[in-house]
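User: Hi! I'm new to reading protein structures and would like to go through this one with you. Could we take it step by step?

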Amino acid sequence: LCGVPFFSGFFSKDEIIDSAKHNDYKVFFVIGLIGAFMTTAYMTRATYLTFFGTARGAAAGHGHDHDEAHELADDTHAPAHVDHGSHDVAVDAHAHGGSSGSEADASHATQHGFVFATESPALLVVPLIILATLAIFSGYLNAAPFHIEKFHHWIESSIGVEVPEAAAFKWVNALPSIALVALGFLVSLALCKAVFSDAPSRLKGLTQRNKVLGVGHRFLVNKYYLDALYEKVIVYGIAHPISKAAYWVNQHVLDGIVNGVGKGGKRTGDWIYKNVDQRVVDGAVDGSGAIARGTGGALRPLQSGKVNQYGALLFSAAAIAALVLVIVNTNS
């Protein structure tokens, strides 16, 4: 809808192109016109491949990557066929009106090797409806052909800066972009029918017959070789040396530091075990045990169990106590 008159995209696209021309930006004016043509051609092709022709991709039982590469421009498109015994059945996604809900259609689809697409849940459908509505009607908030300038007014009031006056809209100035949009639609539709439909066409297989077009086709299929550039040049040429250097630092520097700290800790632990634990701690414990054992040995005779020995000890103690009392009283 970017270039179709009276849709939202038309108003914004035409103002950009018209402003470029009005301000004498010739390069941007030409780029805008080319963009309008290419965008219309691309969207026409995408719409045709999505909603018209035979079933494609995983729905038709084909691998996604293989089928996508062929759909881009493999001009040998023929109806997808599934061999059932002696019958070569053409798969037509629209042969049954797209009624994915009926059991008969589902059974037929299964027999023919593909399944009909089903509607997405409301979580996806509702946002799509909102976006589609805005794509159709939101442009009327700033539709120059009808002298509606709501966006300009909102921008002025929000940033406090006066927006320069745009070129006055004239349908004659919009005719080049409208013509290119129509041309992009017609050219793309004609090419899609010639390349992707069942009808015979000289365009089918053209990229295989012409080497120059084949090179261009491979260039497009490989997405301008941007993935190869990223993986072979950026990743391998930049990230690979960096990761290799980081690995070397990890193995030789960081691991060396960690291993050195570990070895130092082990040596410290051995020294503490031999000198502090074995000699100091164990020596103190063994010494206290030896003292206790010696003291016990010395006191052992006092607990012989003989009554006369206990009486002698008691008499001796009483005699010593009496002697101490006599000495104390004499001195006092």
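This is a predicted model: local features need pLDDT of at least 70, side-chain atom pairs count only at pLDDT 80 or more; totals for chains, interfaces and linings use all residues.

**How the helices pack**

User: Are α1 and α7 roughly parallel or roughly perpendicular to each other?
Analyst: Their angle is about 110°. Angles from 65 to 115 degrees count as roughly perpendicular. So α1 and α7 are roughly perpendicular.

User: Which residues of α7 meet α1, and what classes are in that contact?
Analyst: On the α1 side you'll find F10, K13, D14, I17, D18 and K21, and they meet W171, N173, A174, S177 and I178 in α7. Sorted by class, the contact of α1 with α7 has five nonpolar, two polar and four charged residues.

User: Is S177 buried or exposed?
Analyst: S177 sits in helix α7, which covers residues 171–196. Leaving out residues up to four places away in sequence, S177 touches K13, D14, I17 and L33. Its relative accessibility is 1%, and buried means under 20%. So S177 counts as buried.

User: How are α1 and α2 oriented, roughly parallel or roughly antiparallel?
Analyst: The axes of α1 (residues 8–22) and α2 come within 8 Å and cross at roughly 155°. Because angles over 145 degrees count as roughly antiparallel, α1 is to α2 roughly antiparallel.

User: What is the handedness of the crossing, and which residues of α2 meet α1?
Analyst: α1 passes α2 in a left-handed crossing. From α1, K13, I17, A20 and K21 take part, and they meet F28, F29, G32, L33 and A36 in α2. The residues of this contact divide into six nonpolar, one polar and two charged.

**A look at α2**

User: How many residues does α2 have, and what length does it reach?
Analyst: Helix α2 runs over residues 26–51. At 1.5 Å a residue, 38 Å is expected for it. From first C-alpha to last, its 26 residues reach 38 Å, close to that expected value.

User: Which residues of α2 are buried?
Analyst: Buried means under 20% relative accessible area. In α2 the buried residues are F29, L33, A36, T40, A41, T44, R45, Y48 and L49.

**Positive phi in the loops**

User: What is the phi of D24, and where is D24 found?
Analyst: Most residues other than glycine have a negative phi, and most peptide bonds are trans. D24 is not a glycine, yet its phi is positive. D24 is exposed, with a relative accessible area of 54%. The phi is about 65°, and D24 is found in the loop between α1 and α2.

User: What is the phi of Y225, and between which helices does Y225 lie?
Analyst: Y225 is partly exposed, with a relative accessible area of 38%. Its place is the loop between α9 (211–221) and α10 (226–299). As a residue other than glycine, Y225 has a positive phi near 60°.

**The whole chain**

User: How many helices and strands does the chain have?
Analyst: Along the sequence, the pattern reads α-α-α-β-β-α-α-α-α-α-α-α-α. The secondary structure comes to 11 helices and two strands.

Methods:
Residues are numbered from 1 along each chain as its sequence is written. Side-chain values use heavy atoms; hydrogens and water are left out. Helices (H or I, at least four residues) and strands (E, at least two) are DSSP runs, numbered from the N terminus. The expected span of a helix is 1.5 Å times one less than its number of residues. Buried means under 20% relative accessible area, exposed over 50%, partly exposed in between (1.4 Å probe, protein chains only). Axes are lines fitted to C-alpha atoms, for helices over the stretch in contact, and angles run from 0 to 180 degrees between N-to-C directions. Angles under 35 degrees count as roughly parallel, over 145 as roughly antiparallel, 65 to 115 as roughly perpendicular and the rest as oblique. A crossing is left-handed if the near helix is turned anticlockwise from the far one by less than a right angle, and right-handed if clockwise. Contact means heavy atoms within 4.5 Å. Ala, Val, Leu, Ile, Met, Phe, Trp, Tyr, Cys and Pro count as nonpolar, Asp, Glu, Lys and Arg as charged, and the others, Gly among them, as polar.
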